[in-house]
Amino acid sequence: MEIELKRIKKHELKKAYKMHRKGFMPTFLKYRDWFYNPVFQNYIKIKQYYNHENMFMYFIICDSIEVGQIWIYIKEDSGRLARLFVLKEHQNQGIATKAIKLAEEIFSDRQRWCLDTIKQEKNNCHLYEKSGYKQTGSEKIINKRMTIINYEKEIK
C-alpha cells in the first residue's frame, strides 16, 4: 500500500469540498454538533481556507486513489493538524497514521504540533497517541454527546 499526500489544486477545490462533506457527515450524524462540524462550512469558507497563506490542504492518496484529506495550518514554529479524515470505506488500514507522518515530514522544520479531536472517538485518540501526541488536559464540551480535547507533540 503506497500512501502519498498531493496538494489540492485550485481547480480541484469543488471535488475536495464534496469529499470534505462526505468525510465529516458520519461524525455529524453521530454527534449532532450543529455549530462545530466542518460539514456545515460552505464552499466559500473552504475557498477562504484554501487561499489563506498559512493553510496547506492535501488529498491523501492510497494506491493512486483519493481516500481522504489532511489540512495543515502553519504558524511561526508550529504546525496544526487542522483537518484529517479518511473516507469510511478506507479506514482502519493505517492510512491516517502514514498521512500524519508524511505531513510532519513535509513541515519538518516545525518544533511543535497540535490538534483537537473528539474525546469520545477512541479510534481517533488512539491514532494521535500512537503518532506521539499527548493530551494537554484542555477540554471543551460541545453537547451532551461530544467533548473536544486538545493534543500536542514536541519534535526534538
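Trainee: How many residues does the largest nonpolar core have?
Mentor: Good place to start, and keep in mind that this is a predicted model. Inside this core, the residues with the most contacts are Ile-60, Ile-70, Ile-72, Leu-81, Leu-84, Tyr-128 and Tyr-133.

Trainee: How many residues are in the second, separate core?
Mentor: Look for Leu-13, Met-57, Trp-71 and Leu-87, which are included in it. The second core comes to 16 residues.

Trainee: What pattern does the chain follow when read along the sequence?
Mentor: Begin with the inventory: the chain has four helices and seven strands. Placed in sequence order, they give β-α-α-β-β-β-α-β-α-β-β.

Trainee: What radius of gyration does the chain have, and why does it agree with a compact globule?
Mentor: The chain has 156 residues, and a compact globule of that length would have a radius of gyration near 15 Å. The chain agrees with this because its own value is 15 Å.

Trainee: What share of the residues is buried?
Mentor: Here, buried means under 20% relative accessible area. By that cut-off, the buried share of the 156 residues is 44%.

Trainee: How far apart do the centres of the positive and negative side chains lie?
Mentor: There are 30 positive and 19 negative side chains to consider. The centres of these two sets are separated by 7 Å.

Key: Residues numbered from 1 in each chain as written. Predicted model: local features only at pLDDT ≥ 70, side-chain atom pairs only at ≥ 80, totals over all residues. Heavy atoms only, no water. Core = buried A, V, L, I, M, F, W, Y, C linked by side-chain atoms within 4.5 Å. Buried < 20%, exposed > 50% of the residue type's maximum accessible area, 1.4 Å probe, protein only. Helix = DSSP H or I, 4+ residues; strand = E, 2+ residues; numbered from the N terminus. Rg over C-alpha atoms; globule rule 2.2 N^0.38 Å. Lys, Arg positive; Asp, Glu negative; His and termini not counted. Charge placed at Lys NZ, Arg CZ, Asp CG, Glu CD.
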